[in-house]
Amino acid sequence: MTDRAKEEEEKRKLRLHRAQAAVMCDKKREKVYKLSELRRAQVILEPDDSDSKEENPPPESSSKGSWTLAKIGLSVLGGVVVVAATPVVLGAVGFASGGIAAGSLAAQLMSAAAVANGGTVAAGSAVAVLQSVGAAGLGLTGAATVGTTAAGATFLGTTAVEKLTEKDK
């Protein structure tokens, strides 16, 4: 054995000696392992959870599945309600089938949009789209867009409620 090999062997033994006192911690307790034992076993150590008890067991799959179905049902219902309510709400704020009603919120929005655009309402602006929907209805594409958006928002809302209630438990 060369001097360099002897030095390397001594360094390795010193590191091994220091490592034998190393402490490996898991969340619940501390255990001391000798590095040589770990190397011989050549296994990945995992904490022994056989003596620990679960405080909150996971919910049964059937209740989780029924909650998912409820969320989907609420989402579809939310989409349908929003599509049905859109013409009613637009009419109430002044976007009527005969045009924008004088003195309504829609008239104020149209006035503000015209002032901001130099005297005209820009095509494709929010006021122009709302006026079109108020006069002609949503149409198939509009109903699909509004319904899908509302259903997605409802699904996200129910998921948020689910996550918040899980934290409370």
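**Notes on the predicted model**

1. Start with a local pair. Glutamate 9 and arginine 12 form a salt bridge, with the closest N and O atoms 2.9 Å apart. Both residues sit in helix α1, which spans residues 3–19. They are 3 residues apart, about one turn of the helix. Glutamate 9 has a relative accessible area of 24%, so this residue is partly exposed. Arginine 12 is at 34% relative accessibility and therefore also counts as partly exposed. Bear in mind throughout that this is a predicted model.

2. How many salt bridges does the structure hold? The total is 2. Besides the pair in helix α1, there is a salt bridge between lysine 71 and glutamate 162, whose closest N and O atoms are 3.0 Å apart. This pair links distant parts of the chain: lysine 71 belongs to helix α3 and glutamate 162 to helix α6, 91 residues apart. Side chains of opposite charge can pair when their charged atoms come close.

3. Are lysine 71 and glutamate 162 buried or exposed? Both are buried. Leaving aside residues up to four places away in sequence, glutamate 162 touches Trp67 and Lys71.

4. Helix α3 also matters for the surface. Leu69, Ile72, Val76, Val80 and Phe155 make a nonpolar surface patch of about 460 Å². Which element gives the most to the nonpolar patch? Helix α3, residues 61–93, does, with 4 residues. Leucine 69 is found in this helix. Its relative accessible area is 60%, and exposed means over 50%, so leucine 69 counts as exposed.

5. The largest nonpolar core has 6 residues in all: Leu90, Phe95, Ala106, Val127, Val133 and Leu138. Phenylalanine 95 is one of them. Not counting residues up to four places away in sequence, phenylalanine 95 touches Leu90, Ile100, Ala106, Leu109, Val127, Leu130, Gln131 and Gly134. Buried residues make up 17% of the 169 residues in the protein chain.

6. The protein chain has 6 helices and 4 strands. Along the sequence the pattern reads α-β-β-α-α-β-β-α-α-α. Among contacts with a separation of 6 or more, 44% come from residues 24 or more positions apart. The chain exposes about 12,700 Å², and carbon and sulfur atoms supply 62% of that area.

7. Check confidence before reading details. The mean pLDDT of the protein chain is 77, and 70% of its residues reach 70 or more. Where is confidence lowest, and where is it highest? It is lowest in strand β1, residues 23–25, at a mean of 40. It is highest in helix α4, residues 105–116, at 92.

8. One stretch needs caution. Over residues 21–29, pLDDT stays under 50. The model has 17 contacts beyond four places in sequence for this stretch. Where pLDDT is low, the predicted coordinates should not be read in detail.

Conventions. Residues are numbered from 1 along each chain as its sequence is written. This is a predicted model: local features need pLDDT of at least 70, side-chain atom pairs count only at pLDDT 80 or more; totals for chains, interfaces and linings use all residues. Side-chain values use heavy atoms; hydrogens and water are left out. Patches are made of residues with over 30% relative accessible area and no salt bridge: like charges are joined within 9 Å, nonpolar side chains (Val, Leu, Ile, Met, Phe, Trp, Tyr) within 5 Å. Accessible areas come from the Shrake-Rupley method with a 1.4 Å probe; for residues, only the protein chains shown count as cover. A salt bridge is a side-chain nitrogen of Lys or Arg within 4 Å of a carboxyl oxygen of Asp or Glu. Helices (H or I, at least four residues) and strands (E, at least two) are DSSP runs, numbered from the N terminus. Buried means under 20% relative accessible area, exposed over 50%, partly exposed in between (1.4 Å probe, protein chains only). Contact means heavy atoms within 4.5 Å. A nonpolar core is a set of buried Ala, Val, Leu, Ile, Met, Phe, Trp, Tyr and Cys residues joined through side-chain atoms within 4.5 Å. pLDDT is the predictor's confidence in each residue, from 0 to 100.
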